[in-house]
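Let's take a walk through this protein together. Have the sequence and the 3D view ready, and we'll go stop by stop.

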Amino acid sequence: MDCNVSVGEEKEKAAKLTVDALEKIEGELKGKRFFGGESIGYSDIALGWMSYWLPIWEEVGSVKIVDPLQFPALTSWMRNFLEHPVIKENLPPRDKMIIYFQNQRQELTSRPRG
């Protein structure tokens, strides 16, 4: 990481890299309920964390990454994944996740730079 880059520029760069990755995922999901078709498979489980964590990161970081208009297939997949009974029943409490990510953000942004 370049020590001359501000937090704002780092945030923008990270957001751009994330959007680039999400565009690839969007292409894989077009026309599908889940990666493998109509049922949850290994890829869904491997990437499913983003369905729950990304919206929390967006809230804590005050940045919008997953635009439903830009990523309709991804947005639909995230909703389908989170609504699946097995997934829904095993998610950690959202309020605790927000506190966790707020603490992580605070720790990262308070570190000396340079």
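**Salt bridges and the rest of the tour**

The count of salt bridges here comes to 3, where a salt bridge is a side-chain nitrogen of Lys or Arg within 4 Å of a carboxyl oxygen of Asp or Glu. Before we visit them, a word on the ground rules: this is a predicted model, so local features need pLDDT of at least 70 and side-chain atom pairs count only at pLDDT 80 or more, while totals for chains, interfaces and linings use all residues. Residues are numbered from 1 along each chain as its sequence is written, and side-chain values use heavy atoms, with hydrogens and water left out.

Start with Lys 16, which forms a salt bridge with Asp 20, their closest N and O atoms being 3.2 Å apart. Both of these residues sit in helix α1 (residues 7–29), 4 residues apart, or about one turn of the helix. Helices, by the way, are DSSP runs of H or I with at least four residues, strands are runs of E with at least two, and both are numbered from the N terminus. Asp 20 counts as partly exposed because its relative accessibility is 25%. For that label, buried means under 20% relative accessible area, exposed means over 50%, and partly exposed is in between (1.4 Å probe, protein chains only).

Next, look at Lys 64, which pairs with Glu 58 in a salt bridge, the closest N and O atoms being 3.4 Å apart. How do the two partners sit, buried or exposed? Lys 64 counts as exposed, at 57% relative accessibility, whereas Glu 58, at 9%, counts as buried.

The remaining stop on this part of the tour is Arg 94, whose side chain meets that of Glu 59 in a salt bridge (3.2 Å, N to O). Arg 94 lies in helix α6 (residues 94–110) and Glu 59 in helix α3, so the pair ties together parts that are 35 residues apart in sequence. Arg 94 is partly exposed, with a relative accessible area of 36%, and Glu 59 is partly exposed too, at 45%. As a general point, side chains of opposite charge can pair when their charged atoms come close.

Stay with helix α3 for a moment. Trp 49 lies in this helix, which covers residues 49–61, and Trp 49 is partly exposed, with a relative accessible area of 38%. Together with Trp 53 and Trp 57, Trp 49 makes a nonpolar surface patch of about 280 Å². Patches are made of residues with over 30% relative accessible area and no salt bridge, with like charges joined within 9 Å and nonpolar side chains (Val, Leu, Ile, Met, Phe, Trp, Tyr) within 5 Å. Pro 55 is in helix α3 as well, and counts as partly exposed at 29% relative accessibility. What does Pro 55 touch, leaving aside residues up to four places away in sequence? The answer is Met 50, Met 78 and Arg 94, where contact means heavy atoms within 4.5 Å. So Arg 94 turns up again, because Arg 94 is also the residue in helix α6 that pairs with helix α3.Now move to Phe 34, found in the loop between α1 and α2 (42–47). Phe 34 is buried, with a relative accessible area of 2%. Not counting residues up to four places away in sequence, Phe 34 touches Leu 29, Ser 39, Ile 40, Asp 44, Trp 77, Asn 80 and Phe 81. Leu 47, in helix α2, is partly exposed at 25%. With the sequence neighbours up to four places away left out again, Leu 47 touches Ile 25, Phe 35 and Trp 77. Leu 47 and Ile 25 are 22 residues apart in sequence, and their C-alpha atoms are 9.6 Å apart.

Finally, step back for the whole view. The protein has 6 helices and 0 strands, and its C-alpha atoms fill a box of roughly 50 × 30 × 25 Å, taken along the principal axes. Of its 114 residues, 29% count as buried. Among contacts with a separation of 6 or more, 73% are between residues 24 or more positions apart.

Conventions:
Accessible areas come from the Shrake-Rupley method with a 1.4 Å probe; for residues, only the protein chains shown count as cover.
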